[in-house]
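User: Hi! I'm new to reading protein structures. Could you walk me through a few features?

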Amino acid sequence: MNTQLKKGVLELCVLAIINRKDSYGYEIVDSLAEFIKMSEGTIYPMLRRLAKDGYVATYYKESQTGPQRKYYKITDTGKEYLRKSYEDWNELVSGVKMILQEEKQ
């Protein structure tokens, strides 16, 4: 899959996962890996950028099985960005479907 396209889709998915519940990095990677083939090394830089851009905030929480974990929580700005990205995604998918259906005819 085209790397840039995949990164954009992964960003949307990462924000959607964090929007459902605050999550730590490996938990996000694990959730994505169920559905999308990608490397762990792709997600952590994305999480740092999302935090830098103000779409997510971070905090630390004690783990019952080891050291503290860094959790990601979506911000109000992140929620608005996710909403807009979801609209853009739906518009793109709709347009691609129409083009591909015309191709079949």
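Analyst: Let's start with salt bridges: a salt bridge is a side-chain nitrogen of Lys or Arg within 4 Å of a carboxyl oxygen of Asp or Glu. One case here is K21 with E27, whose side chains meet at 2.4 Å, N to O. Before we go on, this is a predicted model, where local features need pLDDT of at least 70 and side-chain atom pairs count only at pLDDT 80 or more, while totals for chains, interfaces and linings use all residues. Residues are numbered from 1 along each chain as its sequence is written, and side-chain values use heavy atoms, with hydrogens and water left out.

User: How many salt bridges does that rule give?

Analyst: The count comes to 6 salt bridges. Among them is D88 with K84, where the closest N and O atoms are 2.7 Å apart. Both D88 and K84 sit in helix α4, 4 residues apart, which is about one turn of the helix. Helices here are DSSP runs of H or I with at least four residues, strands are runs of E with at least two, and both are numbered from the N terminus. There's also a network: salt bridges that share partners join E11, R49 and D53. Within it, D53 and R49 meet at 3.5 Å, N to O.

User: Is D53 buried, partly exposed or exposed?

Analyst: The general idea is that buried means under 20% relative accessible area, exposed means over 50%, and partly exposed is in between (1.4 Å probe, protein chains only). D53 has 35%, so D53 is partly exposed. R49, at 33%, counts as partly exposed too.

User: Now the sheet. In what order do the strands come?

Analyst: First the idea: strands of a sheet pair through backbone hydrogen bonds, either parallel or antiparallel. Two strands pair if DSSP finds at least two bridges between them. In this model, 3 strands form an open sheet in the order β1-β3-β2, with antiparallel pairing. β1 and β2 stand at the edges with a single partner strand each, so one side of each has no neighbour in the sheet. β2 and β3 pair over 6 bridges, and K61 stands opposite R69 in β3.

User: How many aromatic pairs are there?

Analyst: Rings of Phe, Tyr and Trp (its six-membered ring) pair if their centres lie within 6.5 Å; planes under 30 degrees apart are stacked, over 60 edge-to-face, and the rest tilted. That gives 3 aromatic pairs. In one of them, the rings of Y24 and Y71 have centres 5.4 Å apart and planes at 70°, so the pair is edge-to-face. Y24 lies in strand β1 (residues 23–24) and Y71 in strand β3 (residues 69–74), so this pair ties together parts 47 residues apart in sequence. Y59 and Y71 are stacked instead, at 5.6 Å centre to centre with 15° between the planes. Y24, Y59 and Y71 form one aromatic cluster.

User: And which of these is buried or partly exposed: Y71, Y59?

Analyst: Y71 is buried, at 11%, whereas Y59 is partly exposed, at 30%.

User: Where do K61 and R69 lie relative to the rings?

Analyst: A charge sits over a ring if NZ of Lys or CZ of Arg is within 6 Å of the ring centre and within 35 degrees of the ring normal. K61 lies over the face of Y71, at 5.2 Å from the ring centre. R69 lies over the face of Y24, at 4.1 Å.
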